[in-house]
Amino acid sequence: VAYFTYFEGGPTGQTLGKKALGIRVIDANAGGPIGYGRAVIRYFGRWISSIPLLLGYFWMLWDKERQCWHDKFATDYVVPEDAYPVR
């Protein structure tokens, strides 16, 4: 919990894996970091996303905003890191 909260809620919005893939988590409304509170919501939302046969993860395949359930819970997007540079 602490790992994902610290890195996804921090200023870069990236875990080590996201950094390697060149993606980051941003606030859906402001385009900046999501903060630690919403990073915790996002973490526990992953559990909910996985319960019904990973349906919450596959949801992005047909969602018009390309969000998984845990993204919707935390009101965030996962974007390429160069789309919204860290300020």
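Q: What percentage of the 87 residues of the protein chain counts as buried?
A: Buried means under 20% relative accessible area, exposed over 50%, and partly exposed in between, with a 1.4 Å probe and protein chains only. By this rule, 36% of the 87 residues of the protein chain count as buried. This is a predicted model, in which local features need pLDDT of at least 70 and side-chain atom pairs count only at pLDDT 80 or more, while totals for chains, interfaces and linings use all residues. Residues are numbered from 1 along each chain as its sequence is written, and side-chain values use heavy atoms, with hydrogens and water left out.

Q: How many helices and strands does the protein chain have?
A: Helices (H or I, at least four residues) and strands (E, at least two) are DSSP runs, numbered from the N terminus. The protein chain has 5 helices and 2 strands, in the order α-α-β-α-α-α-β from the N terminus.

Q: What does the radius of gyration of the protein chain show?
A: The radius is taken over C-alpha atoms, and the globule rule is 2.2 Å times the number of residues to the power 0.38. For 87 residues a compact globule would have a value near 12 Å, and the protein chain agrees, with 12 Å. Its C-alpha trace spans about 35 × 30 × 25 Å along the principal axes.

Q: Which residues of helix α1 are buried?
A: As a general idea, an α-helix has 3.6 residues a turn, so residues three or four places apart point the same way. In α1 (residues 2-9), the buried residues are T5, E8 and G9. They lie on the same side of α1, because they cover an arc of only 95 degrees around the axis, the arc being that of the directions from the helix axis to the C-beta atoms. A2 and Y6, on the other side of α1, are exposed.

Q: What covers the buried residues of α1?
A: Contact means heavy atoms within 4.5 Å. The cover includes α2 (16-21), β1 (23-27) and α3 (35-50).

Q: Where does L53 lie, given its positive phi?
A: L53 is not a glycine, yet its phi is about 55 degrees. L53 belongs to the loop between α3 and α4 (55-58) and counts as exposed, at 79% relative accessibility. R66, also a residue other than glycine, has a positive phi near 55 degrees. R66 is in the loop between α4 and α5 (69-74), and its 55% relative accessibility makes it exposed.
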